[in-house]
Amino acid sequence: MQSSMVTGLMPNRHGIVGNGWYFRDLGEVLLWRQSNKLVAGEKVWETAAGRFDGYTSANVGWWYAMNASNDVIVTPRPVYHQDGRKSPDCYVVPSALHDILTDKLGTFPLFQYWGPTASITSSRWLVEASIEIIRRYSPTLLTTYIPHLDYDLQRYGPDAPQAITAAGAVDRALAPLLGLAAQQGTTVIVVSEYGIAGANLPVNINRELRREGYLNVYTQQGREYLDPWTSRAFAVADHQAAHIYVRDDSDLARVANLVRGLDGVDEVLDRKKQQTLAIDHPRSGELVAIAEPGAWFTYYYWLDDDRAPEFAPCVDIHRKPGYDPAELLMNPDDRAVKAKVAAALVKKALGLRYTMGVIALNGASVGGTHGRLPDSEADTPLVITSSPDLLSDSSAPMPVTAVRDLVLDAHAPRR
């Protein structure tokens, strides 16, 4: 969604078909890559720089920020230590700005940006960093990502009291940034990528593919790992969509029928049907499964939790071959979970290597999800602007690709 907004293109043209995909040339499933070179198409700030003299842009937290053409960039990027530890930090351009921000705001709060301890703290940091950038660089365009409404809405669901509390927290966190924008006469455009709907049914698509002999694993030290090289079919789960990579065309019909018969699956798109949603890109799976309302796809492929990979009960977004919303929650079924956290924090304080195995392996506690086209107006993304004249018909649906032109129109001189 973010890539469609900044390029004005659909996924079949810009290539970002999900939060990750199977990199066929590498033979690996990789999520949450960061290079902007993965996004095809001219970005809105590149178009604007060619139209308006002195145009500059800043990117604070929008994805695919690294290797981007923005003048200022701030994006999460941990420090990966030689001994295996991971420390919070961020990647910043220009480099001198890194120490300015961390000296003033503290280290980027990575563990409050994702995981069981994700909170409003990370959103506040991004807001304060945006204010600092405005005051230092006065960019023509500033794009800031505020993650907080993802957290409790996925943890507890959009109708939970926590969701209302989260909305209020975001209002308060944004107030200083919106106040500065109003003071400077800056046009504000607020966009959301999706609306979160209630979740009640995890769909274990990879486990079924394994039971039927399509998905293979390899074993190391008693743990099982997805083997994409020898698997005839496997799925990269991404909320309510799953890209299914099928090695041989002769298996397509059987795999499609198998997946279509699972509880919680609404439809299975072949290449022709993918065209209708403009997601028919070489990175997409040969098949794409869409979940029913309330259902969502897990990445789980093991059949015995004792054989689960070492990363499964941890927050490890780069090693898991699919999205895992359970990472937002401590395992509610583990009575020792708080003791495990305390022990891990002691090891961390001593500079020792540690694992934080506190994530449930069943997804049962996840309360919210997204990904399928909205089933009601309550679930649709929104566009809100401080300049209503930018919206010719505020009651009409706006395609995501029109956000790019909305930004360009905001820069054009008014008559």
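**Exercise 1.** Determine which residues of helix α3 are buried, how they lie around the axis, and what they pack against.

Solution. Helix α3 spans residues 44-51, and its buried residues are V44, W45, T47 and A48. Buried means under 20% relative accessible area, exposed over 50%, and partly exposed in between, with a 1.4 Å probe and protein chains only. Helices (H or I, at least four residues) and strands (E, at least two) are DSSP runs numbered from the N terminus. The four residues cover an arc of only 155 degrees around the axis, so they are on the same side of α3. That arc is taken from the directions from the helix axis to the C-beta atoms. The buried residues of α3 pack against α1 (2-7), β3 (57-60), β8 (141-144) and α12 (403-411), where contact means heavy atoms within 4.5 Å.

The model is predicted: local features need pLDDT of at least 70, side-chain atom pairs count only at pLDDT 80 or more, and totals for chains, interfaces and linings use all residues. Residues are numbered from 1 along each chain as its sequence is written, and side-chain values use heavy atoms, leaving out hydrogens and water.

**Exercise 2.** Describe strand β7, its pairing with β4, and the peptide bond between V93 and P94.

Solution. Start with the side chains of β7 (residues 90-93), which alternate. Next, β7 pairs with strand β4 (residues 72-76) in the antiparallel sense over four bridges; two strands pair if DSSP finds at least two bridges between them. Within this pair, V93 of β7 has I73 opposite. Finally, V93 is joined to P94 by a cis peptide bond, with omega about 0 degrees. P94 is in the loop between β7 and α4 (95-105).

**Exercise 3.** Locate Y64 and S138, give the phi of each, and decide whether each is buried or exposed.

Solution. Most residues other than glycine have a negative phi, and most peptide bonds are trans. Y64, in the loop between β3 and β4, has a positive phi near 60 degrees. Its relative accessible area is 6%, so Y64 is buried. S138 is in the loop between α5 (120-137) and β8, and its phi is also positive, near 45 degrees. At 53% relative accessibility, S138 is exposed.
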